[in-house]
Amino acid sequence: MVAGAGCGLALAGLEAAGAQARSSRWRMPAEEHPHEATWMCFPASSTVWGSDLPAVQRTVARIALAISDFEPVRMLVRPSARSLATRLVGGGIELIDGPVDDLWARDTLPLFLLAADGRPALAAGRVRFNGWGGKQLHGGDARLARHVAELLGIELIESGLTGEGGGIETDGAGSVLASRSSWVNRNRNPGRSESEIGRAITGLLGARRVLWIDGIAGSDITDGHVDTLARFASPGTIVCEATSYVEPGETWYEVARRTLRSLRAARTLAGEPYRIVRLTQPTTTRGSGDAFLSSYLNYYVCNGAVIVPTFGDRRADSRAAHTLASLHPGRQVVQLEIDAVAAGGGGIHCSTREQPRVS
């Protein structure tokens, strides 16, 4: 459930987080803030993907091309894979050399930050990437946040934490959603308390508080990233995952149920209940496998559009598109088949990292 006395953050923790945020020079805007570009990573490791690699590469290219209709896309690529990437994405996407292992830009690239005082400045926030707690090779991916900061010539802000960007969801107005299971975990931050980790997150992002949900450790490679459980659609609205079945005791049904209960108990910084919108998984899917992520919640908001996965369940695909259109008025909903990436346990949001526009 959400941390604190029954439903929200404990008052002392909120005050400490607020004091740290007020002293921060930087803040992380919501994903809906106008973007300068989207960053992605072109996967090239057969050690990670085996014989599925070509299908995954084509899918990543499909996602990049869809986003490029709305904003520039910058794709990091191993020099040895540049010619293949060029063939798949053409000349409309900027390819940039980088020590890429895998495609999960959300987890490995920096969290881009804007100056808190309104100055036209950009910085790169970094949480150390260790392959989701040592579950996958990551020698190159662990260097990508610093690499991007150096490419852009911007300051790198160290959080002192180990984790992933997909474990953080911000409304850009002072609140952050995160799963305990992927942060307060000895495979990332051994010996560190929830309050200590929360202070480091709010200090990095210029936020006032973390709303913790339990998540779940051990059932997927991420240990229950928040961007497959709950997302901010606005400072007062949270969209959360709902299973298409009722099966008490089943792992993901119980996680979704606990998450919903926590969010219903939470309050905004103004003390109001959140509007909770449920996004229901498909009943059937084209793809399959133990790691297959059949979640519409892993969508991506870019300039003028919301990029959403489809899974072959026409009714559920249509319902998800309608829901997300209502949550993001004025943006076009673009639906994509991403089965090869979903089979690896991720989605469109996992494969992207927004660079906010500096005003």
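How many positive and negative side chains does the chain have, and how far apart do the centres of the two sets lie?

1. Charges first. The chain has 38 positive and 37 negative side chains, counting Lys and Arg as positive and Asp and Glu as negative, with His and the chain ends not counted. The centres of the two sets lie 3 Å apart, where the place of a charge is NZ of Lys, CZ of Arg, CG of Asp or CD of Glu.

2. Ground rules. This is a predicted model, in which local features need pLDDT of at least 70 and side-chain atom pairs count only at pLDDT 80 or more, while totals for chains, interfaces and linings use all residues. Residues are numbered from 1 along each chain as its sequence is written, and side-chain values use heavy atoms, with hydrogens and water left out.

3. Confidence. The average pLDDT (the predictor's confidence in each residue, from 0 to 100) is 92 for the chain, and 94% of the residues score at least 70. Residues 1-23 have a pLDDT below 50, and this stretch makes 42 contacts in the model beyond near neighbours in sequence; a contact here means heavy atoms within 4.5 Å.

4. Overall build. The chain holds 12 helices and 17 strands; these are DSSP runs numbered from the N terminus, with helices being H or I of at least four residues and strands E of at least two. A compact globule of 359 residues would have a radius of gyration near 21 Å, and the 19 Å of this chain agrees with that. That radius is taken over C-alpha atoms, and the globule rule is 2.2 Å times the number of residues to the power 0.38. Along its principal axes the C-alpha trace spans about 55 × 50 × 40 Å.

5. Packing and surface. Of the 359 residues, 57% are buried (under 20% relative accessible area; exposed is over 50% and partly exposed in between, with a 1.4 Å probe and protein chains only). Among contacts with a separation of 6 or more, 76% join residues 24 or more positions apart. The accessible surface comes to about 13800 Å², and carbon and sulfur atoms own 50% of that; areas come from the Shrake-Rupley method with a 1.4 Å probe, and for residues only the protein chains shown count as cover.

6. Thr310 sits in strand β15 (residues 305-310) and counts as buried because its relative accessibility is 12%. Leaving out residues up to four places away in sequence, Thr310 touches Arg286, Asp317, Gln335, Leu336, Glu337, Ile338 and Asp339. Thr59, in helix α3 (residues 53-68), is buried at 3% relative accessible area.

7. Backbone angles to check. Trp132 is not a glycine, yet has a positive phi of about 55°; it lies in helix α6 (residues 131-134) and is buried, with 2% relative accessible area. Asp223, also not a glycine, has a positive phi of about 60°. Asp223 belongs to the loop between β10 (209-213) and β11 (230-234) and is buried at 2%.

8. A loop alanine. Ala44 is in the loop between β2 (35-41) and α2 (46-49), and its relative accessible area of 18% makes it buried. Beyond residues up to four places away in sequence, Ala44 touches Leu53, Gln57, Arg78, Ala81 and Asp101. Ala44 and Ala85 are 41 residues apart in sequence, with their C-alpha atoms 9.6 Å apart in space.
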